[in-house]
Amino acid sequence: MNRSRRFVMLAGLGVLFATASASAETVERGPYYALPSWDLQFKNASTRFIVLSNWNKEAVLDQETGLVWELSPSTSTNGWTAALAACREANTGGRFGWRLPQQEELASLGVPDAMTPSVPDLPTGSPFQNASGVTFWTASTDEADSGQAWIVTFGPAGGMSTNGKGTPFHAWCVRGGHGALNPQ
C-alpha cells in the first residue's frame, strides 16, 4: 500500500472517531459521516438527510452526495455576485467555508416528477425549510453567455435555466464537494 493511501485511510479513521461522539437527528444510530458515491440512491428522505445537531440544527448532511447544506436557505434575494459573497461570508452552524453550489450539486437535491421529469422537486419528507417553489442561484455560469448563470427552482413550477446575473434570486449555501474556484 502506498503512503498516500495510508494517509487517506488514517484520515478516514479520524473522521469515524471524531464523528462517533457527534449527535445528529436521525432514526438510525451513528457514526454520522458520508460515503459519497454517485451510485448511492436513498429511497427515503429520512435516511438520506441528517439534520446535524452539533451544527446547531442549522445544517443537513446529504448522505447520497456527501454535501452539507443549509437547513434553511436565505429568504432574501440578491444578484449573482452578491449571492456568491453571501455564501462565502456565511457562518451557518457556527462554521465558515460555505459556497454557492454548482448547477449539478443543487439539482442533485431534486427528485424528478414522474409526470414531468425535467421539473425537480425536493424529496417528500426532506428536512429543508424555505426551499420549495423558490429559485436559487448556482455558481455555474452559462457557457454561451458569461452575463448569465444557471438557476434551479424546486416544486411544481420548477426547472433549470439561465438568467441574467443581476436578477435577484435566493442563495442556498453548501459545504464540501468540488465547488468553483473562480466563477465568472
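Two strands pair if DSSP finds at least two bridges between them. With that rule, β6 and β7 pair in the antiparallel sense over 4 bridges. I will come back to those two strands.

Before that, some ground rules. This is a predicted model, in which local features need pLDDT of at least 70 and side-chain atom pairs count only at pLDDT 80 or more, while totals for chains, interfaces and linings use all residues. Residues are numbered from 1 along each chain as its sequence is written, and side-chain values use heavy atoms, with hydrogens and water left out.

Now the overall layout. The chain has 4 helices and 9 strands. Helices (H or I, at least four residues) and strands (E, at least two) are DSSP runs, numbered from the N terminus. Along the sequence the pattern reads α-α-β-β-β-α-α-β-β-β-β-β-β. Of the 184 residues, 42% count as buried. Buried here means under 20% relative accessible area, exposed means over 50%, and partly exposed is in between, with a 1.4 Å probe and protein chains only. As for contacts, meaning heavy atoms within 4.5 Å, residues 24 or more positions apart account for 59% of those with a separation of 6 or more.

Phe 136 has Val 152 in β7 as its bridge partner, and Thr 135 stands opposite Thr 153 in β7.

How many residues of β6 are buried? The count is 7 of its 7. In a regular strand the side chains alternate between the two faces of the sheet. In β6, Thr 135, Trp 137, Ala 139 and Thr 141 are on one side and Phe 136, Thr 138 and Ser 140 on the other, and all are buried.

Which strands do the buried residues of α3 pack against? They pack against β6 (135-141) and β7 (148-153). Helix α3 covers residues 80-89, and its buried residues are Trp 80, Ala 83, Leu 84, Ala 85 and Cys 87.

That last residue takes us to the disulfide. A disulfide is a pair of cysteine sulfur atoms within 2.5 Å, and by this rule the count comes to 1. Cys 87 and Cys 173 form it, with their sulfur atoms 2.1 Å apart. The pair links distant parts of the chain, 86 residues apart: Cys 87 is in helix α3, and Cys 173 is in the loop between β8 (159-164) and β9 (174-175). The link is left-handed, with -85 degrees about the S-S bond. Both cysteines are buried.

The loop between β8 and β9 also holds His 170. Is His 170 buried or exposed? At 16% relative accessibility, it counts as buried. Leaving aside neighbours within four places in sequence, His 170 has contacts that include Ser 76, Phe 136 and Trp 137. A polar atom of the His 170 side chain lies 3.3 Å from the backbone oxygen of Ser 76.

Finally, the cores. A nonpolar core is a set of buried Ala, Val, Leu, Ile, Met, Phe, Trp, Tyr and Cys residues joined through side-chain atoms within 4.5 Å. The largest has 20 residues, of which Leu 52, Val 68, Trp 98, Leu 100 and Trp 137 touch the most other members. At least two residues of this core come from each of β2 (59-62), α3, β6 and β7. The largest share, 4 residues, comes from α3. A second, separate core has 18 residues, including Phe 49, Leu 109, Phe 128 and Ala 131.

Methods
A polar contact is a pair of N or O atoms within 3.5 Å; within protein, one must be able to donate a hydrogen and the other to accept it, and residues adjacent in sequence count only if both atoms are side-chain atoms.
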